[in-house]
Amino acid sequence: MIRRAVPVGIGHYLPERVVPNSHFESFLDTSDEWIRARSGIERRHFAAEGETTSQMATRAAQQALDMAGLKPDDVDAIVVATSTPDLTFPSAATMVQSALGMTRGFAYDVQAVCAGFVYGLAQADALIISGQANRVLVIGAETFSRIMDWTDRGTCVLFGDGAGALLLEAAEASGDKADRGILATDLHSDGTYRDLLYVDGGVSTQTTGHLRMQGKEVFRHAVEKLAATAEAALAKAGLTDDDITWVVPHQANIRIIQATAKKLGTPMERVVTTVADHGNTSAASIPLALSIAVQDGRIKTGDIIVTEAIGGGLAWGAVVLRW
Ligand code: UT7
């Protein structure tokens, strides 16, 4: 018998303000048509003034706990994937811990930009397999609207805010591919590509900075690397493309999602897409999409889910789990 990290609760939160593509037409040389055609995005949510990443993360986490019928003190660890924390420190995760009223366990952030949730799942898996935790909340939460350069039409039309949370619980399992829970993880980064997607500010430069992206180059890497990491994770799990029930990809661009699905041989009816409604919410995009597809009944117990993401670093990876 081995230990597996099995999903027991999921939740999400989207800020109230919905911003349609037409919003950008008033101050940028852009159009709803261009944004839809090149990215698949139709609208996104922006956090209200004063609304923070940890507040959104807390709302998503509470939903996940409610679904599982558990209390905050039933959780051993909180891992928040974010590149847009409220403060430099303490971590957003400890802020969520206190906001939930959790008085035990431990909490920390992981920062792998858009791949953050996949990295967070790998962390939770390792904590559970090693016996350091029995229940781990993995949260992806972002306020990317705070780091947009509103004069850069190549980036500011693409991103949005939100949060999603997945609660994983240790379960004794046989160790084969029929088990529920996380079956395999596959992580990569290559810092030589740091200039393709970055924020030109940070604590030691005493600025907040804005997101900068060479979109075309990132697009090229995404199409090449996402299918490869998904295939690698499937192989580690002893599964093939034919076993996939749902692909739940990072939601950056519908054309990247389509190209990756095609390489995996997965029809688009088997791919969960939220990019039209959320834009790119970085580390929040996968748990948001997962939560929505669980709540609307698409994802069912026993389904094989493949998640994959790429972002600044470059950092990328995939996780295969059985719901
Ligand atoms: O989540 C992290 C990972 N990020 C990604 O995966 C994003 C990857 N990249 C992309 O999604 C796409 O590259 C973009 C959506 C960012 C851009 O799409 P593209 O098809 O690669 O367009 P492009 O950058 O090659 O730009 C084509 C044209 C350019 O004009 P010229 O040089 O051909 O005259 C741009 O200046 O479109 C122009 N353009 C715009 N036009 C209207 C760029 N942004 C806009 C805009 N509205 N918002």
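Where is the place of leucine 314? Leucine 314 sits in the loop between strand E12 (304-311) and strand E13 (315-322). Helices (H or I, at least four residues) and strands (E, at least two) are DSSP runs, numbered from the N terminus. This is a predicted model: local features need pLDDT of at least 70, side-chain atom pairs count only at pLDDT 80 or more, and totals for chains, interfaces and linings use all residues. Residues are numbered from 1 along each chain as its sequence is written, and side-chain values use heavy atoms, with hydrogens and water left out.

**Ligand site**

- The ligand has 22 residues around it, and Thr30, Arg38, Lys216, Asn253 and Asn280 come nearest. A residue is near if one of its heavy atoms lies within 4 Å.
- Helix H2 (32-39), helix H6 (215-236) and helix H7 (254-264) each give the shell at least two residues. H6 supplies the largest share, four residues.
- Lysine 216 places a polar side-chain atom 2.7 Å from a ligand oxygen. The side chain of histidine 250 has an N or O atom 2.8 Å from an oxygen atom of the ligand. For arginine 255 the corresponding distance is 2.9 Å. A polar contact is a pair of N or O atoms within 3.5 Å; within protein, one must be able to donate a hydrogen and the other to accept it, and residues adjacent in sequence count only if both atoms are side-chain atoms.
- Taken alone, the ligand exposes 950 Å², and the protein buries 74% of that (Shrake-Rupley method, 1.4 Å probe; for residues, only the protein chains shown count as cover).

**Backbone**

- Glycine 313 and leucine 314 are joined by a cis peptide bond, with omega about -10°.
- Another cis peptide bond joins phenylalanine 89 and proline 90, with omega about 5°. Proline 90 lies in the loop between strand E4 (77-81) and helix H4 (92-100).
- Valine 113 is not a glycine, yet its phi is positive, about 50°. Its loop runs between strand E5 (106-110) and helix H5 (116-129). Valine 113 counts as buried, at 18% relative accessibility (buried means under 20% relative accessible area, exposed over 50%, partly exposed in between; 1.4 Å probe, protein chains only).
- Glutamine 206, also not a glycine, has a positive phi of about 55°. Glutamine 206 is exposed, with a relative accessible area of 75%.

**Cysteines**

- The whole structure holds zero disulfides (a disulfide is a pair of cysteine sulfur atoms within 2.5 Å).
- Cysteine 156 is in no disulfide; the nearest cysteine sulfur, that of cysteine 114, is 16 Å away.
- Cysteine 156 is buried at 0% relative accessible area, and cysteine 114 is buried at 5%.
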